[in-house]
Amino acid sequence: MGRIEFVINPKHYFFIYSRDFELSSKTSESKCETVLILQGGGSLGAYECGVYKALDEHQIAFDMVVGTSIGAVNASIIAGVKNPEKRVEQLENFWYELSENTTPPYLPDGIRKYFSTFYSTFWGTPNFALPVTGWPNPWMIANVKPFLYDNTPLKSTLSKYVDFNFLNNQNKTRLIITAVDIQKGSPVIFDSKQQKIDVDHVISSTGFPFYGIKWTKKDGKYLWDGSLMSNTPFREAINASPIKDKIVYLVSLFPKMHDELPKNMEESWHRARDIMNSDKTEHNIVMSHVISRYLNLLKNMHSILSNAKLDPKLKTEFQDLEGEYCNLATRRGGVIRDITKIERKEETHFLLEDADFSKKTISKLINEGYKDAHKILKKN
């Protein structure tokens, strides 16, 4: 029998799965990989930068980095930065270049966030996305075009930090990005182990329609932000290498738990947004272990039948099933050995907090992610 155990608090849960049966060679240490999962969340992605800074200081190296939306952008820098020895420095530099300097840093938090969001709405963010009109009144074209902002500036900014030749030719860090096919309503997965990834693949995961950001045409498909299907691409990490055990680090930008009830409609919308985008991986984790238990039971039964003396008819039937058994047994079997989750806290309710790219806010988010990650990692 196996045992599943959760220890959960608002900032961290640790997942343990123990097996009483003997591990096969396929689940040995050589078959275990360390995975980083990054959510989408606009400017809140700066928090992920701070978390990665702490992970790097703890000398945690990743075999796979999986991201959606702004998480895909961060993931691409982590996996393909031009100077790997300065990965943290480059990721931080990217975020400061992405930020806007117009909002006065001396403004109180409560005022600064509204000022910065107002600025981004009408003038865009110079190194991220700009109004398609080229002048500060994008809402006049809301009924004429299917998007308000062009994210081409992000493409140029990102290209300064990611060496896509290195990304596609190195075997140390696998990059997985998620997007959504607009016409089919189905997920689209880009995997550096399966294909050559370029800057357009990454940008395709950032076209968020609710903020009017332009879609991307790539490989004959029109693509939107991957967070529309799932803001936590955990399942994609499992499917990418289902036979391998995993040690997972997950960054959650939207708090799942909040004790206070909303006091007005803005807070209601804000809380609903947090719930829709928060981490919902517990079911996937449990199911991965259930599948693993079934497969190990199947292997044990197969071993018994292989050594048993069967009559000719049963032996023929057993041999007929051999191909299907081998197919199943070699496709899955990896388990989630543990998960470390770092979750951003919220002190105030602000519906458009993920559109605040002011330099002061970006710096604050990086520092918060760094401190929160250190606290969690020290507990482990």
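Biologist: Let's begin with H2. How many of the residues in H2 are buried?
Modeller: One thing to keep in mind is that this is a predicted model. A residue counts as buried when its relative accessible area is under 20%. In H2, eleven of its eleven residues are buried, so by that cut-off the helix is mostly covered. Among them are Ile70, Ala72, Val73, Ser76 and Gly80.

Biologist: Which residues make the contact of H2 with H3?
Modeller: Start with the two axes: those of helix H2 (residues 70-80) and helix H3 (residues 87-98) come within 9 Å and cross at roughly 145°. The crossing of H2 past H3 is right-handed. On the H2 side, the contact uses Ile70, Val73, Asn74, Ile77 and Ile78, while H3 brings Arg87, Leu91, Phe94 and Trp95. Sorted by type, these residues are seven nonpolar, one polar and one charged.

Biologist: And at what angle do H1 and H2 pack?
Modeller: The angle there is about 35°, and the axes of H1 and H2 are 9 Å apart. H1 also passes H2 in a right-handed crossing. Gly45, Glu48 and Tyr52 of H1 meet Ile70, Gly71, Asn74 and Ile78 of H2. This contact divides into three nonpolar, three polar and one charged.

Biologist: Next, backbone angles. What is the phi of Gln59?
Modeller: As a general idea, most residues other than glycine have a negative phi. In Gln59, phi is near 60°, a positive value in a residue other than glycine. To find Gln59, look in the loop between helix H1 (45-57) and strand E4 (64-68).

Biologist: Is Gln59 buried or exposed?
Modeller: Exposed means over 50% relative accessible area. Gln59 has 74% relative accessibility, so it counts as exposed.

Biologist: Where is Asp219 found?
Modeller: Asp219 sits in the loop between strand E9 (216-218) and strand E10 (221-225). Its phi is near 55°, again a positive value in a residue that is not glycine.

Biologist: How many disulfides does a search of the whole structure find?
Modeller: The idea is to look for pairs of cysteine sulfur atoms within 2.5 Å. Here the search of the whole structure finds zero disulfides. As for cysteines you can look up, Cys32 is buried, with a relative accessible area of 16%, and Cys49 is buried at 2% relative accessibility.

Biologist: Now the whole protein. How many helices and strands does its secondary structure come to?
Modeller: The protein has twelve helices and twelve strands. Of its 380 residues, 50% are buried. The protein exposes about 18700 Å², with carbon and sulfur atoms supplying 56% of that area.

Biologist: What share of the contacts with a separation of 6 or more joins residues 24 or more positions apart?
Modeller: That share is 74% in this protein. To read such a number, think of contacts as pairs with heavy atoms within 4.5 Å, and then ask how many positions separate the two residues in the sequence.

Notes
Residues are numbered from 1 along each chain as its sequence is written. This is a predicted model: local features need pLDDT of at least 70, side-chain atom pairs count only at pLDDT 80 or more; totals for chains, interfaces and linings use all residues. Side-chain values use heavy atoms; hydrogens and water are left out. Axes are lines fitted to C-alpha atoms, for helices over the stretch in contact, and angles run from 0 to 180 degrees between N-to-C directions. Helices (H or I, at least four residues) and strands (E, at least two) are DSSP runs, numbered from the N terminus. A crossing is left-handed if the near helix is turned anticlockwise from the far one by less than a right angle, and right-handed if clockwise. Ala, Val, Leu, Ile, Met, Phe, Trp, Tyr, Cys and Pro count as nonpolar, Asp, Glu, Lys and Arg as charged, and the others, Gly among them, as polar. Buried means under 20% relative accessible area, exposed over 50%, partly exposed in between (1.4 Å probe, protein chains only). Accessible areas come from the Shrake-Rupley method with a 1.4 Å probe; for residues, only the protein chains shown count as cover.
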